[in-house]
Amino acid sequence: MAATVFYLDEIPEPGGVAVLDGPEGRHAATVRRIRVGEPITLSDGAGLLAESEVIATGKDRLDLRVSNRVVAERVTPPVTIVQALPKSDRSELAVELMTEAGADTIVPWQAARCVADWERKADKGVEKWRAAARAAARQSRRPYIPGVTGLHRTADVVTLIRATVADGGTAAALHESGAGRFTDLPLATAAGIVLIVGPEGGLDDSEITAFGEAGAHAVLLGPTVLRTSTAAAVALGALGALTARW
């Protein structure tokens, strides 16, 4: 089993001593009760991985001797999830699941039929999503923490779709009335993939039209109707098998 991963912004060269403190150190020393001699993998969340061993412990901190460093390759094609804001009790769950399933970028979207409304608290909502993504990335031992963008409106999503398609990528809106199937999309050869997940009330007709005119495909993911909080994780699992991501 791989060593537990913790995030540290600056990781010393091999032979150096890293200090893990703050929230990460508290989780490691107090919650996980990691002890001297245990192996830890450090990451900066941007691809750098370093093997290390605990050489001392303190209150809410660990001292670690770094033995080597490598940079993990990014999986391809990169996947961006445009996630309509779920209800508050399922919002962070959606982020956790898509992070564990491999999302590279997460875009919170204020869709027309969202129950949640971030118009007055977008910054707070984004910070919560970023914290959820970081924690889930640690749990799943990811070398890259997925980026969480600022709140997008539908016009911003249209711009993202156009840019993705222009760069040789594929964009898909997951919708129960989609004319095509998810598995029929040119996913394996795409330069990048954008997946749009609607809210509990579904995508509005005007949104489907706007996304289609921008180059996105409205597709059916599978035979069952999924919750907005789980659809992205299911799609990412399918993408792992349909592309070289796995």
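**Overall build and local features of the predicted chain**

The chain exposes about 12,000 Å², of which carbon and sulfur atoms supply 50%; accessible areas come from the Shrake-Rupley method with a 1.4 Å probe, and for residues only the protein chains shown count as cover. The model is a predicted one, in which local features need pLDDT of at least 70 and side-chain atom pairs count only at pLDDT 80 or more, while totals for chains, interfaces and linings use all residues. Residues are numbered from 1 along each chain as its sequence is written, and side-chain values use heavy atoms, with hydrogens and water left out.

The chain holds six helices and 12 strands, taken as DSSP runs numbered from the N terminus (helices, H or I, at least four residues; strands, E, at least two). Its radius of gyration is 20 Å, close to the 18 Å that the globule rule gives for 246 residues, so the chain is as compact as a globular protein of that length. Here the radius is taken over C-alpha atoms, and the rule is 2.2 Å times the number of residues to the power 0.38. Along the principal axes, the C-alpha atoms fill a box of roughly 60 × 40 × 30 Å. Of the 246 residues, 46% count as buried (under 20% relative accessible area, with exposed over 50% and partly exposed in between; 1.4 Å probe, protein chains only).

Turning to the annotated region, the unreviewed UniProt entry places "domain: Ribosomal RNA small subunit methyltransferase E PUA-like" at residues 20–66; such annotations may be inferred rather than shown by experiment. This span is 21% helix and 49% strand, and its end C-alpha atoms lie 12 Å apart.

Arg 33, in the loop between helix H1 (22–31) and strand E3 (39–43), has a positive phi of about 55 degrees although it is not a glycine, and counts as exposed at 56% relative accessibility. Arg 141 has a positive phi of about 60 degrees, again without being a glycine; this residue is found between helix H3 (122–139) and strand E8 (147–148) and is partly exposed, with a relative accessible area of 31%. In the loop between strands E5 (61–71) and E6 (79–84) lies Pro 77, joined to Thr 76 by a cis peptide bond with omega of about -5 degrees.

His 175 sits in the loop between strand E9 (170–174) and strand E10 (180–181). With a relative accessible area of 16%, His 175 is buried. Leaving aside neighbours within four places in sequence, His 175 is in contact with Leu 203, Ile 208, Val 219 and Leu 220, contact meaning heavy atoms within 4.5 Å.
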